[in-house]
Amino acid sequence: MSRFHELLQELGVPIDPQLLVLALTHRSWAYENGNGPHNERLEFLGDAVLEIVVTEHLYQAYPDLPEGHLAKMRAAVVNAHSLAGVARSLELGPMIKLGQGEVNTRGHDKDSILADTTEALIGAIHLSEAGAQGSSAFVRHLFVPLVDKAAALGPGLDWKTSLQEVCVAAGLGHPTYEHTQSGPEHKRRFEASVLVDGEKRGTGDGTSKRLAEIRAAEVAYRRITRALERAAAEAEG
């Protein structure tokens with residue numbers, strides 16, 4: 001039994017067997033098997049359910065935070081990277097029905113496919129017997145800990161935005177990113193360099209451009225803030 005099925009039993013949340021099969025059916029499998037139904041409509045529903053449940057939790061749990069910070073916290077949790085991590089914790093990858101092309105390129109471990117499947121399963125739970133109560137319980141169990149962790153990240157909640165804000169405030173202009181990639185298609189690696197005021201200030205790598213940019217932005221943010229703090233201390237001295 002997968003961790004996903006174990007969790008549904010623990011929460012007492014049922015899922016309709018036919019909806020479960022549909023939620024686990026990727027479009028690549030459907031296209032290779034008679035162009036039948038696949039999980040994109042359930043994904044559409046699950047995305048909306050996820051966003052409203054997380055937003056409601058943020059609104060209730062953090063009454064003193066402004067809208068802009070709440071939006072950053074939500075974005076830190078409701079994204080493909082976070083959803084894929086949840087999918088891996090639930091052992092969803094081996095359960096997904098994929099076309100042979102996706103199987104050959106390790107689609108069972110691609111962030112995009114795992115994230116979409118997680119949303120489709122949320123949608124399937126929402127349409128099953130437990131309805132909104134069941135889907136809310138499922139989302140809260142998995143995502144509230146991620147939200148609360150994001151609340152303590154400070155600048156790390158959104159390194160790219162934090163870097164841009166400190167650069168603009170210091171009169172350094174807007175950061176720009178350059179990218180390189182390496183490795184075979186099924187195991188691609190990306191490297192990003194962030195340039196500030198024409199100078200390379202940080203690099204990072206990862207399995208996606210986004211992740212590489214975030215890591216590069218963190219390096220640049222720390223370097224620039226340290227330099228600004230030193231300059232301020234010297235000016236006071």
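The model is a predicted one. The buried residues of H11 are Leu211, Ala212, Glu213, Ala216, Ala217, Ala220, Tyr221, Ile224 and Thr225. An α-helix has 3.6 residues a turn, so residues three or four places apart point the same way. The partners against which the buried residues of H11 pack are helix H6, helix H10 (159–169) and the strands E1, E2 and E3.

These strands make up an open sheet of 3 strands in the order E1-E2-E3, with antiparallel pairing. E1 and E3 stand at the edges and have a single partner strand each, so one side of each is left without a neighbour in the sheet. On average, neighbouring strands of the sheet are turned by 20 degrees against each other, direction ignored. Helix H11, which covers residues 209–236, packs on this sheet and touches E1, E2 and E3. The direction of H11 makes about 140 degrees with that of E3.

Strand E2 (residues 189–196) is mostly covered, with 6 of its 8 residues buried. Strand E1 (residues 176–182) is joined to E2 by 7 bridges, and the two run antiparallel. Within this pairing, Ser182 has Arg189 of E2 as its bridge partner, and Thr176 stands opposite Leu195 in E2. E1 and E2 form a hairpin with 6 residues between them. In the turn of this hairpin, Gly183 has a positive phi of about 90 degrees.

On the E3 side, 7 bridges join E2 to strand E3 (residues 199–206), and this pair also runs antiparallel. Ser193 has Thr203 in E3 as its bridge partner, while the partner of Val194 in E3 is Gly202. In a regular strand the side chains alternate between the two faces of the sheet. E2 and E3 form a hairpin with 2 residues between them. Asp197, in the turn of that hairpin, has a positive phi of about 55 degrees.

Helix H8 (residues 111–127) was examined in the same way. At 1.5 Å a residue, its 17 residues should span 24 Å; the end C-alpha atoms of H8 are 25 Å apart, which agrees. H8 is mostly covered, since 12 of its 17 residues are buried. The buried residues of H8 are Ile113, Leu114, Ala115, Thr117, Thr118, Glu119, Ala120, Leu121, Ile122, Gly123, Ala124 and Ile125. The elements covering these buried residues include helices H1 (3–11), H2 (17–23), H4 (40–61), H6 (80–89), H7 (100–104) and H9 (131–151).

The crossing of H1 and H9 is right-handed. In this packing, Phe4, Leu7, Leu8 and Leu11 of H1 meet Ala137, Phe138, His141 and Leu142 of H9.

Gly131 is also found in helix H9. Gly131 counts as buried because its relative accessibility is 13%, and the cut-off for burial is under 20%. Apart from its neighbours within four places in sequence, Gly131 is in contact with Ile125 and His126. Between Gly131 and Arg106 there are 33 Å in space, C-alpha to C-alpha, for a separation of 25 residues in sequence.

Asn79 lies in the loop between helix H5 (67–77) and H6. With a relative accessible area of 12%, Asn79 is buried. The side chain of Asn79 reaches the backbone oxygen of Ala75 at 2.8 Å.

Note on methods: Residues are numbered from 1 along each chain as its sequence is written. This is a predicted model: local features need pLDDT of at least 70, side-chain atom pairs count only at pLDDT 80 or more; totals for chains, interfaces and linings use all residues. Side-chain values use heavy atoms; hydrogens and water are left out. Buried means under 20% relative accessible area, exposed over 50%, partly exposed in between (1.4 Å probe, protein chains only). Helices (H or I, at least four residues) and strands (E, at least two) are DSSP runs, numbered from the N terminus. Two strands pair if DSSP finds at least two bridges between them. The expected span of a helix is 1.5 Å times one less than its number of residues. Contact means heavy atoms within 4.5 Å. A polar contact is a pair of N or O atoms within 3.5 Å; within protein, one must be able to donate a hydrogen and the other to accept it, and residues adjacent in sequence count only if both atoms are side-chain atoms. A crossing is left-handed if the near helix is turned anticlockwise from the far one by less than a right angle, and right-handed if clockwise. Axes are lines fitted to C-alpha atoms, for helices over the stretch in contact, and angles run from 0 to 180 degrees between N-to-C directions.
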